[in-house]
Amino acid sequence: MFEYTFQWRQAFRALPQMLDGALVTMQIAVLSMVIGVTIAVLLAVARNAHSPWLRWPATAWVEVARNTPALFQIYMAHFGLGSFGIYLSPYVALLAGITFNNAGYLCETFRGALRAIPATQVRAGRSLGMGQVMAFRLIVVPQMFRIAFLPTTNQMVWAILMTSLGVTVGMSTDLTGVTQDLNARTFRTFELFALAGALYYCIAKAVMFAARLAAWRLFRY
Amino acid sequence: MNFKTVAGGLIAATLVAGTAQADKLDDIIASGTLRCAVVLDFPPMGSRDENNEPIGFDVDYCRDLAKVLGVEAEIVETPFPDRIPALVSGRADVGVASTSDTLERAKTVGFTIPYFAFTNVVLTKEGTGADSYESLKGRTVGSVAGTYEAIALEKDIKAWGEGGSFRPYQSQADVFLALSQGQIEATVVTSTVASSIVESGRYEGLTIGGDAPYLPDYVSLIALRSEYGLLNYLDLFINQQVRTGRYQELYEKWVGGAAPDLTVNKVYR
């Protein structure tokens with residue numbers, strides 16, 4: 001049986017600290033998405049390129065990023081690179097790991113979106129006198145983002161939840177890190193983690209809601 | 001109300017009360033198994049031998065306890081942060097897991113009298129120049145999240161400022177890995193762990209850089225806070241371990257030398 005008396009007051013007293021942690025969590029998630037989207041677009045273009053020198057590295061990135069656990073990727077960024085004398089702080093290692101993962105998944109999302117845009121549109125643009133880059137920028141990219149937008153918000157939520165893996169590399173300032181630290185001090189495991197879980201839920205929900213709003217504003221036909 | 005109803009009520013009450021009073025200690029004896037939460041990446045208190053079998057001071061301590069209870073010992077491997085969940089969710093009966101008896105934690109879990117005491121030392125890598133506790137000022141250090149020494153070290157590093165930072169890792173193995181790679185410049189660990197890891201030679205260049213000026217870290221067995229029957233029994237068990245010389249014997253076996261004093265002068269527990 002579950003033999004435990006819940007003491008919520010002690011947990012709620014820790015709420016300000018946990019909210020600070022939630023800010024750090026959001027910061028890492030947003031940064032990892034901004035950098036991840038940029039890399040993912042480049043990867044998606046590279047994977048569709050003719051040159052094998054572009055295609056292969058991009059394919060390798062996507063294969064590793066999508067087919068290994070995020071935990072492994074973050075651990076490698078910290079301890080893996082560390083064994084080669086490259087020291088990333090927990091914050092940077094966590095950010096690098098999640099960005100690597102994001103870029104891999106988003107690349108496939110974008111590649112699918114690219115495929116969904118008929119090639120005839122670009123040809124039509126070219127016949128109107130647009131250059132290759134201009135046609136890509138004005139015709140393909142806006143539609144790609146429109147198609148890929150909702151799957152991208154999915155990845156954003158996933159990025160938020162992945163930040164919790166930072167504790168394995170010594171991250172102490174994000175929501176899970178703060179919660180783990182409070183837990184060690186007070187042993188109020190259940191209250192603290194329930195509260196952290198609720199915060200993660202609220203953050204993820206808020207992001208989804210904001211994304212819906214943004215999509216409604218940006219992508220109206 | 002006639003006599004029969006009163007008597008019947010009394011008998012019923014006694015029966016109900018009788019069964020409800022079977023506490024954790026009864027449960028352990030009845031089940032024939034004592035499940036101990038032990039941390040197994042914390043040599044010499046708990047680790048695994050070549051055959052992956054749990055060994056260490058805490059493991060032996062648990063087996064001693066099981067023996068006097070007349071039951072089988074079962075070692076439940078539990079990382080430091082999971083000791084309370086293990087107890088509360090009923091995966092373990094007793095935590096034999098080097099748990100520091102802080103007042104903050106005692107609000108949540110029941111502590112026995114101390115069964116062991118640690119002193120802490122600075123563990124660093126050759127060439128970092130950290131040769132005393134004070135020389136850790138302004139450096140990047142790390143330790144196992146939530147341990148006594150981690151809490152003390154983090155507090156001092158924050159108070160010193162000067163660009164020093166503290167990194168809590170999830171296991172002792174990760175701390176040693178980070179230290180040997182140079183991710184952190186030093187850690188503070190219990191002297192027993194430090195000497196056993198330096199001796200093992202598993203990580204090159206690790207060296208002890210002086211004592212950490214903390215109070216002795218008294219550690220206790222833990223059980224659910226409400227289980228007075230069990231906690232009382234455990235107190236007596238610890239007392240007997242010392243009285244019979246078994247404590248010294250186990251200390252000699254796993255650590256070596258004279259076992260640390262478990263009493264605090266001028267006050268009762």
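Helices (H or I, at least four residues) and strands (E, at least two) are taken here as DSSP runs and numbered from the N terminus. On that basis, chain A reads α-α-α-α-α-α-α-α-α from its N terminus.

This is a predicted model, in which local features need pLDDT of at least 70 and side-chain atom pairs count only at pLDDT 80 or more, while totals for chains, interfaces and linings use all residues. Residues are numbered from 1 along each chain as its sequence is written, and chains are lettered from A and ligands numbered from 1 in the order in which they are written.

**The two chains**

The table uses two further terms. A residue is buried if 20 or more other C-beta atoms lie within 10 Å of its own, exposed if 12 or fewer, and partly exposed in between, with C-beta atoms placed from the backbone.

| Property | Chain A | Chain B |
|---|---|---|
| Elements | 9 helices, 0 strands | 10 helices, 12 strands |
| C-alpha extent along principal axes | about 75 × 45 × 30 Å | roughly 85 × 40 × 35 Å |
| Buried residues | 39% of 221 residues | 45% of 269 residues |

**Chain A**

An unreviewed UniProt entry lists residues 21–46, 84–107, 128–150, 156–178 and 190–215 of chain A under "transmembrane region". UniProt positions are given in the numbering used here, feature names are shortened, and annotations may be inferred rather than shown by experiment. Residues 190–215 of chain A are 100% helix and 0% strand, with end C-alpha atoms 37 Å apart. Residues 84–107 of chain A are 75% helix and 0% strand, and their end C-alpha atoms lie 28 Å apart.

**Chain B**

For chain B, an unreviewed UniProt entry lists residues 33–258 as "domain: Solute-binding protein family 3/N-terminal". This span is 36% helix and 29% strand, and its end C-alpha atoms are 32 Å apart.

Chain B contains an open sheet of 5 strands in the order β9-β8-β10-β7-β11, with mixed pairing; two strands pair if DSSP finds at least two bridges between them. The edge strands of chain B, β9 (165–169) and β11 (206–211), each pair on one side only. From one strand to the next, the twist averages 30°, where axes are lines fitted to C-alpha atoms, for helices over the stretch in contact, and angles run from 0 to 180 degrees between N-to-C directions.

Within chain B, strands β8 (residues 140–144) and β10 (residues 186–190) pair in the parallel sense over 2 bridges. B:Gly142 stands opposite B:Thr187 in β10(B).
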